[in-house]
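Please keep the structure open beside you as you go through them.

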Amino acid sequence: MDSSEECSKMATILTKVLNIVDAIIPAGHPNRPGKKLLVSGVTIHNTDNTNKGADAKAHSKFLIKTGYYMLQGKKHYVSWHFTVDDHEIYHHLPTDEIGWHAGRGNTKTLAIEICMNAGIDHSAANKRAAQLAAGLLHDFKLDITCLYSHNHWTGKVCPKLLLDHHHEGAKWIAFKALVAEAAAELASGKRAILSKEPAHIDPKHLHYTIEDETNEIDHHSLILPEEDLTK
Ligand SMILES: [Zn+2]
């Protein structure tokens with residue numbers, strides 16, 4: 001078995017371990033800008049939705065069916081790459097396209113939302129998010145210094161459950177340690193990488209608009225459809 005076969009076999013294993021469901025927002029939807037992302041980090045969010053049923057699947061439905069929140073009578077489109085709960089992960093955007101989640105972090109980073117719905121096993125969700133983040137850092141040949149909080153980019157109180165007094169503190173350091181531990185396992189070959197070699201993108205070919213640099217999730221304002229929360 002050559003190394004590419006080995007990689008693809010291992011990728012399948014991690015995808016199964018983390019239970020990643022492909023639910024990519026269709027091309028052309030207003031919350032899928034379709035612009036190339038040169039990945040230089042991973043940004044972590046919390047959904048800020050404590051409703052029963054506000055899990056990864058419900059957020060996937062929100063992104064595909066709605067994809068915006070209303071603020072002062074105006075639609076604000078949002079999107080991110082993965083939503084993680086305590087048993088599955090939904091994949092919303094290709095890893096070489098930007099999402100609209102963290103202001104100036106949009107054009108630099110992949111985004112992971114961690115659910116906080118009523119009844120979720122927070123520790124399991126955080127552990128699975130850490131494994132996913134480690135897999136992505138590994139794939140893009142990035143280290144732990146390339147893991148960011150939404151708070152880092154814009155000052156937003158997010159990821160809410162991983163901040164102390166609205167800032168990065170002991171909880172964030174503990175989460176980073178979880179990611180570093182998972183990344184070390186990947187580096188030592190104990191675990192699988194997540195995907196094939198990422199495509200090289202020449203930064204000269206990247207064009208962003210002001211909108212790409214300013215769009216940010218106001219998690220608290222995301223209204224998930226009622227039907228999705230009462231399965
Ligand atoms: Zn956030």
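1. Strand S3 (residues 68-71) and strand S4 (residues 74-77) pair in the antiparallel sense over four bridges, where strands are DSSP runs of E with at least two residues, helices are runs of H or I with at least four, both numbered from the N terminus, and two strands pair if DSSP finds at least two bridges between them. The two strands form a hairpin with two residues between them, and Gln72 in the turn has a positive phi of about 50 degrees. Leu71 has Lys74 of S4 as its bridge partner.

2. A word on the source: this is a predicted model, in which local features need pLDDT of at least 70 and side-chain atom pairs count only at pLDDT 80 or more, while totals for chains, interfaces and linings use all residues. Residues are numbered from 1 along each chain as its sequence is written.

3. Six strands form an open sheet of mixed pairing, in the order S1-S6-S5-S7-S2-S8. Strand S1 (20-22) and strand S8 (147-149) stand at the edges with a single partner strand each, so one side of each has no neighbour in the sheet. Within the sheet, S2 and S7 pair in the parallel sense over six bridges, and Ile44 stands opposite Ile112 in S7.

4. Helix H3 packs on the sheet, touching S2, S5, S6, S7 and S8, and its direction makes about 170 degrees with that of S7; here contact means C-beta atoms, placed from the backbone, within 7 Å, and axes are lines fitted to C-alpha atoms, for helices over the stretch in contact, with angles from 0 to 180 degrees between N-to-C directions.

5. H3 and H5 pack at an angle of about 50 degrees, with their axes 8 Å apart. That makes H3 oblique to H5, because angles under 35 degrees count as roughly parallel, over 145 as roughly antiparallel, 65 to 115 as roughly perpendicular and the rest as oblique. Residues making this contact include Ala130 and Ala133 of H3 and Leu178 and Ala182 of H5.

6. The largest nonpolar core has 44 residues, and those with the most contacts inside it are Val84, Ile112, Ala129 and Ala133. Such a core is a set of buried Ala, Val, Leu, Ile, Met, Phe, Trp, Tyr and Cys residues joined through C-beta atoms within 7 Å, and a residue is buried if 20 or more other C-beta atoms lie within 10 Å of its own, exposed if 12 or fewer, and partly exposed in between. H3 gives the most to this core, with eight residues.

Key: Two residues are in contact if their C-beta atoms, placed from the backbone, lie within 7 Å.
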